[in-house]
Amino acid sequence: DWATEDDSMTFRRIYEHFAASGARSIVLLRGTDPNAWNIDSEAMYRAWCESAGITPRIYASAERAGEHGGEKIAHAIVDEGVPDAILCHTGRQAAGVLAGLTSRGVAVPDRTMLAAASDSEHTRHSRPAISAVELHASETTLALLDLLQARIAGEPSAGPVLTTARFRVRASSRRTDTNT
């Protein structure tokens, strides 16, 4: 029994937002830990890219490297070809990527759109503010409590329960002209 946000649906929503805004090349910056979030999101990204006819570009930076790690990866991304959009797992990575892109003269969102798979102070207070996934911890907690109560009552497993997160579109991925 477990409950969590439906990460596959959330990631797909972000990629579709990028594509609808004109992105034809999208980079994923994930973490390095061998956990389900990193592994599953990469598999989902690869599947989405295949269905969209987009060549996947994946970079990894340890979550603990934070903004510095994101900035370092941004330079590697630019050196290998500026993409239309970048999705970072963490807000700290995204803030670092924004700093790295800006230092290299890459305009966000006009040249490259940017989003994070987890909202944070870094995403909300960046300039431009970074689009990000806002988790609904209370919804997931209630689902977990329902599962626990059912188990205590001797009912069969009803899990997993997938809850929905909200993708907050902010200035970093909001384009006025989608012909870029």
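Q: In which sense do E2 and E4 pair, and over how many bridges?

A: Strands of a sheet pair through backbone hydrogen bonds, either parallel or antiparallel. In this predicted model, E2 and E4 pair in the parallel sense, over 4 bridges.

Q: Which way does E3 run relative to E2, and how many bridges join them?

A: E2 and E3 run parallel and are joined by 4 bridges. Within this pair, Arg 30 stands opposite Ala 60 in E3.

Q: What is the strand order of the open sheet?

A: The open sheet has 6 strands in the order E3-E2-E4-E5-E6-E8, and its pairing is mixed. Its edges are strand E3 (57-60) and strand E8 (166-168), each of which pairs on one side only. From one strand to the next, the twist averages 20°.

Q: In which sense do E6 and E8 run, parallel or antiparallel?

A: Strand E6 (residues 131-134) and E8 run antiparallel, with 3 bridges between them. Glu 134 has Arg 166 in E8 as its bridge partner.

Q: How many residues of E2 are buried, and which way do they point?

A: For E2, 5 of its 5 residues are buried, so the strand is mostly covered, given that buried means under 20% relative accessible area. Ile 26, Leu 28 and Arg 30 point one way from the strand, whereas Val 27 and Leu 29 point the other way.

Q: At what angle do the axes of H1 and H2 cross?

A: The axes come within 10 Å and cross at roughly 45°. That angle makes H1 oblique to H2. The crossing of H1 and H2 is right-handed. Among the residues that meet there are Phe 11, Arg 12 and Tyr 15 in H1, and Trp 37, Met 44 and Trp 48 in H2.

Q: Where is Asp 1 placed, and which residues does it touch?

A: Asp 1 lies in the segment before strand E1 (3-5). Because its relative accessibility is 43%, Asp 1 counts as partly exposed. Leaving aside residues up to four places away in sequence, Asp 1 touches Leu 147, Arg 151, Ser 157, Ala 158 and Gly 159. Asp 1 and Pro 156 are 155 residues apart in sequence, yet 9.7 Å apart in space, C-alpha to C-alpha.

Q: Which side chains make polar contacts with the side chain of Asp 1?

A: The side chain of Asp 1 is joined to that of Arg 151 by a polar contact of 2.6 Å. Another polar contact, of 2.4 Å, links the side chains of Asp 1 and Ser 157.

Q: Which peptide bonds are cis?

A: Most peptide bonds are trans. Here the bond from Val 108 to Pro 109 is cis, with omega near 10°, and Pro 109 is found in the loop between helix H4 (91-103) and E5. A cis peptide bond also joins Arg 127 and Pro 128, with omega about 0°. Pro 128 is in the loop between helix H5 (121-125) and E6.

Note on methods:
Residues are numbered from 1 along each chain as its sequence is written. This is a predicted model: local features need pLDDT of at least 70, side-chain atom pairs count only at pLDDT 80 or more; totals for chains, interfaces and linings use all residues. Side-chain values use heavy atoms; hydrogens and water are left out. Two strands pair if DSSP finds at least two bridges between them. Helices (H or I, at least four residues) and strands (E, at least two) are DSSP runs, numbered from the N terminus. Axes are lines fitted to C-alpha atoms, for helices over the stretch in contact, and angles run from 0 to 180 degrees between N-to-C directions. Buried means under 20% relative accessible area, exposed over 50%, partly exposed in between (1.4 Å probe, protein chains only). Contact means heavy atoms within 4.5 Å. A polar contact is a pair of N or O atoms within 3.5 Å; within protein, one must be able to donate a hydrogen and the other to accept it, and residues adjacent in sequence count only if both atoms are side-chain atoms. Angles under 35 degrees count as roughly parallel, over 145 as roughly antiparallel, 65 to 115 as roughly perpendicular and the rest as oblique. A crossing is left-handed if the near helix is turned anticlockwise from the far one by less than a right angle, and right-handed if clockwise.
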